[in-house]
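Subject: Structure handover

Hello,

Here is the structure I promised to pass on. Please open it first, then read the notes below.

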Amino acid sequence: AASSKVRRRLLPFLIVCYFVSYLDRVNVGFAALTMNKDLGIGPEAYGFIAGIFFLGYCIAEVPSNLALARFGARLWIARIMISWGLISMLTALATGAVSLGIARFLLGVAGTIFAVGIPFSSAWFPAARRGLATGIFGMGMIGTAVSAFATPRLALAIGYIPTHLLIAGVMIVVAAAVWFLVTPLLQPMF
């Protein structure tokens, strides 16, 4: 009974969070089509900048998961989405390779636990149902495909800076939804 309630109410929010995180995570790759020229970034520098996201992600992964256990999912997931949205806004305001690299590193630090969120989402389910929870949670990765389709078109229509800002705004709205609508389900877990 409890797991079906969580499946109906919690997993949709987690899917949306994961979806939006993928939109933002891959957005810089599509923005690079015009952004690199505007910022004077060559291919080697861009490769480093794109990869530095994962360095921040790896460094912060364990501390972030410890913080999740200490502060609770409601606070920590909302914090991730808000900080990710704010740092994404900073990414849109980058003026060169250094500022973009710093923003991408911080984005990696801010966005930890989404890949590890699978065990988090599975913790509400009995062992026999965890594969289902993991599969449902993983549906959020469709954000990559949606981003591949929508981001270049949006960037061409309105520019890469407004595109970054729009995705960042969506992340902050999702954070508010997590904070206000998911609270009762998340607190008993920790």
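In which helix does Asp24 lie? Asp24 lies in helix α2.

**Ground rules**

This is a predicted model, so local features need pLDDT of at least 70, side-chain atom pairs count only at pLDDT 80 or more, and totals for chains, interfaces and linings use all residues. Residues are numbered from 1 along each chain as its sequence is written, and side-chain values use heavy atoms, with hydrogens and water left out.

**Overall make-up**

The protein has 10 helices and zero strands. Helices (H or I, at least four residues) and strands (E, at least two) are DSSP runs, numbered from the N terminus. Along the sequence the pattern reads α-α-α-α-α-α-α-α-α-α.

Of the 190 residues in the protein, 47% are buried. Buried means under 20% relative accessible area, exposed means over 50%, and partly exposed is in between (1.4 Å probe, protein chains only).

Contacts (heavy atoms within 4.5 Å) reach along the chain. Take those in the protein with a separation of 6 or more: residues 24 or more positions apart account for 85% of them.

**Cores**

The largest nonpolar core has 28 residues. A nonpolar core is a set of buried Ala, Val, Leu, Ile, Met, Phe, Trp, Tyr and Cys residues joined through side-chain atoms within 4.5 Å. Leu11, Leu14, Cys17, Ile77, Met81, Trp84 and Val174 have the most contacts inside this largest core. Six helices each supply at least two of its residues: α2 (11-39), α3 (43-71), α4, α5, α7 (130-138) and α9 (160-181). There is also a second, separate core of 12 residues. Its members include Ala32, Tyr46, Ile49 and Tyr160.

**Helices α4 and α5**

Helix α4 covers residues 73-92 and helix α5 covers residues 97-110. They pack at an angle of about 170 degrees, with their axes 9 Å apart. That makes α4 roughly antiparallel to α5. Axes are lines fitted to C-alpha atoms, for helices over the stretch in contact, and angles run from 0 to 180 degrees between N-to-C directions. Angles under 35 degrees count as roughly parallel, over 145 as roughly antiparallel, 65 to 115 as roughly perpendicular and the rest as oblique.

On the α4 side, the contact is made by Arg79, Ile80, Ser83, Trp84, Ile87, Ser88, Leu90 and Thr91. On the α5 side, Leu100, Ala103, Leu106, Leu107 and Ala110 make it. By class, this contact of α4 with α5 has nine nonpolar, three polar and one charged residues. Here Ala, Val, Leu, Ile, Met, Phe, Trp, Tyr, Cys and Pro count as nonpolar, Asp, Glu, Lys and Arg as charged, and the others, Gly among them, as polar.

**Buried residues to look at**

Asp24 is buried, with a relative accessible area of 1%. Leaving aside neighbours within four places in sequence, Asp24 is in contact with Trp84, Ser88, Arg104, Leu107, His164, Ile167 and Met171. Asp24 and Ser88 are 64 residues apart along the chain, yet their C-alpha atoms are separated by 7.5 Å.

Thr91 is in helix α4. Thr91 is buried too, with a relative accessible area of 2%. With neighbours within four places set aside, Thr91 is in contact with Leu100, Ala103, Leu107 and His164.

Gly85 is also placed in α4. Its relative accessible area is 0%, so Gly85 is buried. Beyond its neighbours within four places in sequence, Gly85 is in contact with Ala168, Met171 and Ile172.

**Aromatic rings**

The count comes to three aromatic pairs. Rings of Phe, Tyr and Trp (its six-membered ring) pair if their centres lie within 6.5 Å; planes under 30 degrees apart count as stacked, over 60 as edge-to-face and the rest as tilted. Phe53 and Phe54 form an edge-to-face pair, 4.8 Å centre to centre, with 85 degrees between the planes. Phe53 is buried at 1% relative accessibility, whereas Phe54 is partly exposed at 46%. Ring pairs link Phe53, Phe54, Tyr57 and Trp84 into a cluster.

Best wishes
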